[in-house]
Amino acid sequence: MLLSIITTHRPATELGFLLHKNPARAQCLEVAAGTAYVCYPEADETRCTASLILDVDPIALVRGSKRLTSDGEGFGLGQYVNDRPYASSSLLAVAMRRVFSTAMTGRCKERPELAAASIPLQISVPAVRCRGGADLVPRFFEPLGWVVEAVTSPLDPNIPEWGTSPYVDVRLTGSQRLADALHHLYVLLPVLDDAKHYWVSSDEVDKLVRAGSGWLESHPEKGLIARRYLAHRHPLTRDALARLAEIDDTEPEDIDNAVPLAELADRPQPLAVQRRGAVLAALRSAGARTVADLGCGEGTLVAELLADRSVERIVAVDVSCRALEIAGRRLRLERMSERQRSRLEIVQGALTYRDDRLKGLDAAVLMEVIEHVDPPRLAALAHTVFGQAAPSTVVVTTPNVEHNARFADLAAGQFRHRDHRFEWTRAQFRRWATGTAHRYRYVVRFVPIGTDDPEVGAPTQMAVFTKEAA
Ligand code: SAH
């Protein structure tokens, strides 16, 4: 199995920093399925290619696993004679994870800006086993911004009537962050293969949510991807879709589609829906007519604010252009009536800097935003919101980390989202909120959102700040 990553970013040899693998030195690592080699067939200023070669040990595979063949055959010749050592599948994904683990975190001490930037990339993987036809390759990769070439080989070039093989040579070209590109492959290679080589447990939900963070939530094929990734185990798929929806507020219909109707009746509403309800209730009881949604993300709260006739003006702010673009599409800006459009301003900006456009509003919302801000920058954010914009009401929600113990698929100590810089206990949130209220002359009250567990509290915590009379 061979994975090649080519860049023409200049100087191209910086790919070595991003992958944490020195271009001058070939490396060899033992992985579960055999031996992985990383080397650079070419590395100069203008073009650099890194190759991961996975040499699978078929005997070790038979010893190490109960379910080896793509048709699930447990014993017999199929155990020894199958495509697993040759076809690119979940074995390659697992090796990638091991060999490029640091690169996949997106961190790079030597070149932090480059790790955060989109660079020109070309990725090729020959002989990808693709159940369901080569068409799936563009269906999965094109929505992520890749230009896709997927070439199917004949089963036997000498006997054309046998038709095509299930193996596809995949080449992806695009401008992407390297860590994102690796995550796309890590998730989608096993999804194309649709035959995981190991038992799929609830840990996989967590892996999928983490590896898919930032792109899978809004992927048009996320249902199919989750189903295949989780080996068609329905309860896991449902958990994964619900978690993805919670992270990026996919519309609830998308989750409901994945749930058998019989189960719907006694299911509580998704947390994201409950959270928006609680925020809107706080704004209503404060009588807010002009509202800023700070860190609005993809605009789900904005949509509900627009639907509320008592809200006259909405300022939606986010630092991420991509999030704002998706928000624009989701809100169908181009089809919005002029009257409706005149109620909404969309502003790209960082909340850690003064912004006079936020002044003079009744209320501001920070829904699931503070935990995305580096702790040393939180004071700057508080100063912008409470000190300079200074609306009469500020509503802040954030995860309650104590409740993480109730998420079966979240390992101890793990956060709910890859981009969270921290998650606070109830006491930590109270300390921050009361300190901030005191400094900027607000009074604050706290409201749990979601099931309020007697031991660990509710999954989301909300603080509602009201400005003291001058
Ligand atoms: N409020 C939305 C999105 C939450 S995700 C919701 O609940 O659905 C957090 C959002 O905060 C992201 O869209 C991110 O781009 C934005 N964000 C993080 N740091 C920010 C900053 N310093 N300034 C502005 N937006 C920020």
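This is a predicted model: local features need pLDDT of at least 70, side-chain atom pairs count only at pLDDT 80 or more; totals for chains, interfaces and linings use all residues.
Modeller: Residues are numbered from 1 along each chain as its sequence is written, and side-chain values use heavy atoms, with hydrogens and water left out.

Biologist: Which residues of α13 are called buried?

Modeller: Buried means under 20% relative accessible area, exposed means over 50%, and partly exposed is in between, with a 1.4 Å probe and protein chains only. In α13 the buried residues include L271, V273, R275, R276 and L280.

Biologist: Why is H20 called partly exposed?

Modeller: H20 has 31% relative accessibility, so it counts as partly exposed. H20 is in the loop between α1 and β2. Its phi is positive, about 55 degrees, although H20 is not a glycine.

Biologist: And why does H232 count as partly exposed?

Modeller: The relative accessibility of H232 is 47%, so H232 is also placed in the partly exposed class. H232 lies in the loop between α9 and α10, and it has a positive phi of about 60 degrees without being a glycine.

Biologist: What is the peptide bond from R10 to P11?

Modeller: That bond is cis, with omega near -10 degrees. P11 is found in the loop between β1 and α1.

Biologist: How do you know that β1 and β5 pair?

Modeller: Two strands pair if DSSP finds at least two bridges between them. Four bridges join β1 to β5 (residues 119-129), and the two strands run antiparallel. T7 has L121 in β5 as its bridge partner.

Biologist: Which sheet has antiparallel pairing, and what makes β2 and β6 its edges?

Modeller: It is the open sheet of seven strands in the order β2-β3-β4-β1-β5-β7-β6. β2 and β6 each have a single partner strand, so one side of each is left without a neighbour in the sheet. From one strand to the next the twist averages 15 degrees.

Biologist: What does α7 touch on that sheet?

Modeller: Contact means heavy atoms within 4.5 Å. α7 packs on the sheet and touches β1, β5 and β7, and its direction makes about 15 degrees with that of β5.

Biologist: Why are α7 and α9 called roughly perpendicular?

Modeller: Axes are lines fitted to C-alpha atoms, for helices over the stretch in contact, and angles run from 0 to 180 degrees between N-to-C directions. Angles under 35 degrees count as roughly parallel, over 145 as roughly antiparallel, 65 to 115 as roughly perpendicular and the rest as oblique. The axes of α7 (residues 178-193) and α9 (residues 222-229) come within 8 Å and cross at roughly 75 degrees. The two helices are therefore roughly perpendicular to each other. Among the residues making the contact are Y186 and L192 of α7 and I225 and R228 of α9. By class, the contact has seven nonpolar, no polar and one charged residues. Ala, Val, Leu, Ile, Met, Phe, Trp, Tyr, Cys and Pro count as nonpolar, Asp, Glu, Lys and Arg as charged, and the others, Gly among them, as polar.

Biologist: In what order do the strands of the mixed sheet stand?

Modeller: That open sheet has seven strands in the order β10-β9-β8-β11-β12-β14-β13. β10 and β13 are the edge strands, as each pairs on one side only. β8 and β9 pair in the parallel sense over five bridges, and V291 stands opposite I314 in β9.

Biologist: How do you know that β14 is largely enclosed?

Modeller: Six of the eight residues of β14 (residues 460-467) are buried, so the strand is largely enclosed by the rest of the structure. β14 pairs with β12 in the antiparallel sense over seven bridges, and V464 in β14 is the bridge partner of V395. β13 and β14 also pair in the antiparallel sense, over eight bridges, with F446 opposite A463 in β14.
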